[in-house]
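Reader: I would like to go through this model by question and answer. Please give the cut-offs as the terms come up.

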Amino acid sequence: DVPGEFVWQPGVLTQAVARGNWILLEDIDYAPMDVISVLVPLLESRKLSIPGHGKTIRCAPGFQLFASQQLLSSTTGYFKQHSSNASLLDHLWTRICIEPLSREELQKVLVTKYPNLAGISEKLLDVYCMLSSGRHELAVAKDDGMDVSSPTEDAGIASTASLVCIDGRLISTRDLLKWCDRIEADFRDTSLGQASTVFQESLDCFCASLAKLAQRIRMAEVIGSKLNISREKAVFYSAKYK
């Protein structure tokens, strides 16, 4: 090895192709054009071209490529959040639409995976279902005794929660599990400071993707209302606390 010399190393995709492994590409609709340009010939001919090296690797037996893309739900079905370069791959995939987990199923996942959080699992799901891009909002509204077909005092909360989809990335079950992972590390059900800890972790998991401070503060207030955090404390943690 020559000191200071750059040496090419095969990446995850190249290794999977060469070894015949399975690989999952999450959120393929956010992939840049240079990634799409590599995937098109790979899906068409099962050959991977190495840019800048003039090499082509044929897929080893067993290689499988999977990709995920989040869809927004509506009363008429599912639709893409935005148009993207990934549309060039649409005719090359075998597409499967997977329905989001119901609230009851999410409850079972949390209680099984995080038994220490069983006592607050309902509160956690209240927050997640309010922010999720899945069809959980109606379930929360019905549980609260709200008429989802008419305006309510919580209309502002619903519009604030929609900022996650409009200005940032979509919230998914992966974010819920990440939130629970962070909470469970030091969770003590009898500790008086747990509500603040749970709230602070939610800010990192759900609000950090919002670019504008005013939007992060509004979202923090919405989350705080579900966790019994005062508006003043929500503003403090989202805007001033370090």
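Reader: With which residue does arginine 174 form a salt bridge, the closest N and O atoms being 3.3 Å apart?

Author: This is a predicted model, in which local features need pLDDT of at least 70 and side-chain atom pairs count only at pLDDT 80 or more, while totals for chains, interfaces and linings use all residues. Residues are numbered from 1 along each chain as its sequence is written, and side-chain values use heavy atoms, with hydrogens and water left out. A salt bridge here is a side-chain nitrogen of Lys or Arg within 4 Å of a carboxyl oxygen of Asp or Glu. At 3.3 Å between the closest N and O atoms, the partner of arginine 174 is aspartate 27.

Reader: How many residues apart are arginine 174 and aspartate 27 in the chain?

Author: Arginine 174 is in helix α8, and aspartate 27 is in the loop between β1 and α2. Helices (H or I, at least four residues) and strands (E, at least two) are DSSP runs, numbered from the N terminus. The pair links distant parts of the chain, and the separation is 147 residues.

Reader: Which residues are linked with Arg174 in a network of salt bridges?

Author: The side chain of arginine 174 also meets that of glutamate 26, at 2.5 Å from N to O. Glutamate 26 lies in the loop between β1 (22-25) and α2 (33-45) and arginine 174 in helix α8, so this pair ties together parts 148 residues apart in sequence. Besides Arg174, the network holds Glu26 and Asp27.

Reader: Is glutamate 26 buried, partly exposed or exposed?

Author: Buried means under 20% relative accessible area, exposed over 50%, and partly exposed in between (1.4 Å probe, protein chains only). The relative accessibility of glutamate 26 is 46%. Glutamate 26 therefore counts as partly exposed.

Reader: Which side chain meets aspartate 204 in a salt bridge?

Author: Aspartate 204 is in helix α9, and its partner sits in helix α8, 22 residues apart. The N to O distance is 2.9 Å, and the partner is arginine 182.

Reader: Which residues touch the most other members of the largest nonpolar core?

Author: A nonpolar core is a set of buried Ala, Val, Leu, Ile, Met, Phe, Trp, Tyr and Cys residues joined through side-chain atoms within 4.5 Å. The largest one has 33 residues, and those touching the most other members are Trp179, Phe199 and Ile223.

Reader: Which helix gives the most to this core?

Author: Helices α3 (103-113), α4 (121-131), α8 (173-184), α9 (194-207), α10 and α11 (231-239) each supply at least two of its residues. With seven residues, the one that gives the most is α4.

Reader: Leaving aside neighbours within four places in sequence, with which residues is tryptophan 179 in contact?

Author: Contact means heavy atoms within 4.5 Å. With neighbours within four places left aside, the residues in contact with tryptophan 179 are Leu124, Val127, Val198, Glu201, Ser202, Cys205 and Phe206.

Reader: What share of the residues in the chain is buried?

Author: The secondary structure of the chain comes to 11 helices and six strands. Of its 242 residues, the buried share is 34%.
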